[in-house]
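Good morning, and thank you for coming. I shall speak briefly about pockets, a cavity and helix packing, and I ask you to keep the model in view as I go.

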Amino acid sequence: VGILNGIDYTYFPRKFSHLNALKQKAQSKKDLKIELGLKQGDQPLFSFVSRLDPGQKGLDILYESVSTIVDNGGQFVLVGTGDKTWEEKFSNLESDARFKNNVSAKIIFDTKLANDVYQASDFFLIPSKYEPCGLTQMIAMWYGTLPIVREVGGLKDTVKHGQNGFVFKNYSSEDLDKAVLEALKVYGTEKQNQMIEKAMACDFSWDKSAKIYKELYERVISLR
């Protein structure tokens, strides 16, 4: 039996609904860009908040796709700690002349900054090799940030391509790039508004997951 994770929404304060999400997120994005030293403007913001685990989190294909994001007018923010080699590789992107003021890598565990990034971003990247369920895509959708995920595990179960996010199949930077470019085409269109509304309407609360657990326990008891 597969039961999705639940999240406690009280840990993720949100002061907007889908009706005014874009306006509120635009202000949050402006504030975050000032804090992180990113170039101001209406550039689409892609983010990644996670532990830096090269065995699971798809760091290699993510790293290769940063240039696609920036070359096509986007910006990229990373928040996380983990593997020291990857901490250094992502940190070095900030000083790369190609990405000047368009990439920020904060090698830190900071829940407030993480929530600010969720809230300010337009798209949230989860290119995992595997993911039993995942929480970050659920948090992103709560804030109207459209997840870009690989078609594995709980990511496949929670994100529907073209509805509340974007899904790619093969573990490759090429496939991730295609999903990024598709997201960029949606940015600033009515389609983005529709997808944000569907994402924010998703219910991943413990009220829902707990009910399924309860039903499972009752089934097990009845079988015995």
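**Pockets, cavity and helix packing**

By class, the lining of the second largest pocket comprises 3 nonpolar, 5 polar and 4 charged residues. In this count Ala, Val, Leu, Ile, Met, Phe, Trp, Tyr, Cys and Pro are nonpolar, Asp, Glu, Lys and Arg are charged, and the others, Gly among them, are polar.

Please note that this is a predicted model, in which local features need pLDDT of at least 70 and side-chain atom pairs count only at pLDDT 80 or more, while totals for chains, interfaces and linings use all residues. Residues are numbered from 1 along each chain as its sequence is written, and side-chain values use heavy atoms, with hydrogens and water left out.

Which residues line the second largest pocket? They are P13, R14, K15, F16, Q24, Q27, S28, D31, N115, D116, Q119 and Y143. The space in this pocket is about 220 Å³. Helices α1 and α4 each supply at least two residues of its lining, and the largest share, 4 residues, comes from α1. Helices (H or I, at least four residues) and strands (E, at least two) are DSSP runs, numbered from the N terminus.

On a 1 Å grid over the protein atoms alone, a cavity is a set of points where a 1.4 Å probe fits but cannot get out; a pocket is an open set with protein on both sides within 12 Å along at least five of seven lines; and lining residues have an atom within 4 Å of a point. Grid points are joined across faces, edges and corners, and a volume is the space filled by probe spheres set on the points.

The largest pocket holds about 500 Å³ of space. It is lined by 22 residues, and V49, S50, F109, Y118 and T136 lie nearest its centre. The elements giving two or more residues to this lining are α4 and α5 (136-142), with α4 giving the most, 4 residues. By class, the lining of the largest pocket has 10 nonpolar, 8 polar and 4 charged residues.

About 40 Å³ of space lies in the largest cavity, which is lined by F48, V49, S50, K57, F124, L125, I126 and T136. Strands β1 (45-49) and β4 (123-126) are the elements that give two or more residues to this lining, and β4 gives the most, with 3 residues.

Let me return to α1 and α4. Helix α1 (residues 21-36) packs against helix α4 (residues 111-120) at an angle of about 135°, with their axes 8 Å apart. Axes are lines fitted to C-alpha atoms, for helices over the stretch in contact, and angles run from 0 to 180 degrees between N-to-C directions. The two helices are therefore oblique to each other; angles under 35 degrees count as roughly parallel, over 145 as roughly antiparallel, 65 to 115 as roughly perpendicular and the rest as oblique.

Which residues meet where α1 contacts α4? K25, S28, K29, L32, E35 and L36 in α1 meet L113, D116, V117, Y118, Q119 and A120 in α4, contact meaning heavy atoms within 4.5 Å. By class, this contact has 6 nonpolar, 2 polar and 4 charged residues.
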